[in-house]
Structures are given as structure tokens and as C-alpha cells.
Amino acid sequence: MVPPELEEGLPLERIKDFSLEELLGMAIKAEIGARKFYGSLAERINIQELRNKIEWLAGEEKKHEELLRKIYASMFPGKEIVFPREHIGPELQPVARQLSGIEDVIDLVRWAMKAEEIAAKFYAELENMVDTAEKKRLMRYLSDMEWGHYYNLKAEYELLLDWEMYSQMMHVGP
């Protein structure tokens, strides 16, 4: 089941249906959503190590947003950013509900992994669409960073799965 913090979008294959300006607007909007998602998720997590990682991710998404805004301004000088209603891939939304247990955290981390994976592929596609070597390097950098986020989340996800089993075992005995 898709959680309320995730708005499923169009498949990555639809990237060709949009202009580069629209795609950059989507990317900026997605980075803003991811930052708000991670910030709100961190507020609801009691495991300090995981909270620190999630807060770090929120900071990373802010840096991505700033970088993309600079790219947009250089490619479309004087134009205000257009945020299309549609978006490619999942768009993360702030966590507004009370999390009822570790299962909710595991579920949200799993969905965040999916969003990071699609973001990495999205930036790899944008690399082929931008016109200068510098912009291509920036898109490759963003793709690599999103893959890094994915693998950071995957490591946490696997630890949470083990931690869940471990905590259940602690309650089974005499």
C-alpha cells in the first residue's frame, strides 16, 4: 500500500514528453518535497542514529535544490521557475501523521529508497538532455548523490529489519 507521504507520478519513460525547463522545475519541486519529507520523518524517529542520518539527507536535498535553482537560472535567465503539476516518479510529501511503530518507519524508508532510485535515474536522463559538459557533470553528480542516498537508506532499512526481529525476540522469552 502506498503511504500518504508518497504521491506516485508518471513513469520515467515519460521524461521525453516534457521540456528541459519543465523537467528542471520537477526536479527542484522533488528536492523541496524530499527535504520536507526527511525533516518531518526525522522529527518522528526516536532512534538517534537513524534520526541523524535522516536529518543529513534533508540537508543534502536542500543543497540539491540550491544547485538546481542555479542551473535553472543559468539556462533560463530572468524566468521564474515553473513547477509543473505532473511529475516523473514518486514525489515525497511531509510526514504529518503519528508513526505507530517501527513498521511505519521501515515502510517509509523503503518508499524513500524507491524515490531516491528514480531520482538517480531521472538525473542520469537529464544528463543526456543538457547542452554543456559542465551541466552534464552536474547532472551526473546529482545522479551519483541520489544513488548514495539510496544506498544509505538501504543500509538503514536492512538494519531496521534486523532490529525489528531482534526486538521481537526479546519479547518472546520468559
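**A tour of the chain**

From the N terminus on, the elements run β-α-α-β-α-α. Colour by secondary structure and count: four helices and two strands. Keep in mind that this is a predicted model.

**Whole chain.** Show the surface. Of the 174 residues, 47% count as buried.

**Helix α1.** Select residues 20–43. How far apart are the end C-alpha atoms of this helix? They are 35 Å apart. At 1.5 Å a residue, 24 residues should span 34 Å, so the two values agree. Next, colour α1 by accessibility. Buried residues make up 17 of its 24, so the helix is largely enclosed by the rest of the structure.

**Aromatic pairs.** Show the rings of Phe, Tyr and Trp. The structure holds six aromatic pairs. Start with F37 and Y38, an edge-to-face pair. Their ring centres lie 5.3 Å apart, with 65° between the planes. Both F37 and Y38 are buried.

Move to F122 and Y123. This pair is edge-to-face too: 5.7 Å centre to centre, 75° between the planes.

**Last stop.** Select W147, Y150 and Y151. Ring pairs link these three residues into a cluster.

Notes. Residues numbered from 1 in each chain as written. Predicted model: local features only at pLDDT ≥ 70, side-chain atom pairs only at ≥ 80, totals over all residues. Heavy atoms only, no water. Expected span 1.5 Å × (residues − 1). Buried < 20%, exposed > 50% of the residue type's maximum accessible area, 1.4 Å probe, protein only. Phe/Tyr/Trp six-rings, centres within 6.5 Å; stacked < 30°, edge-to-face > 60°.
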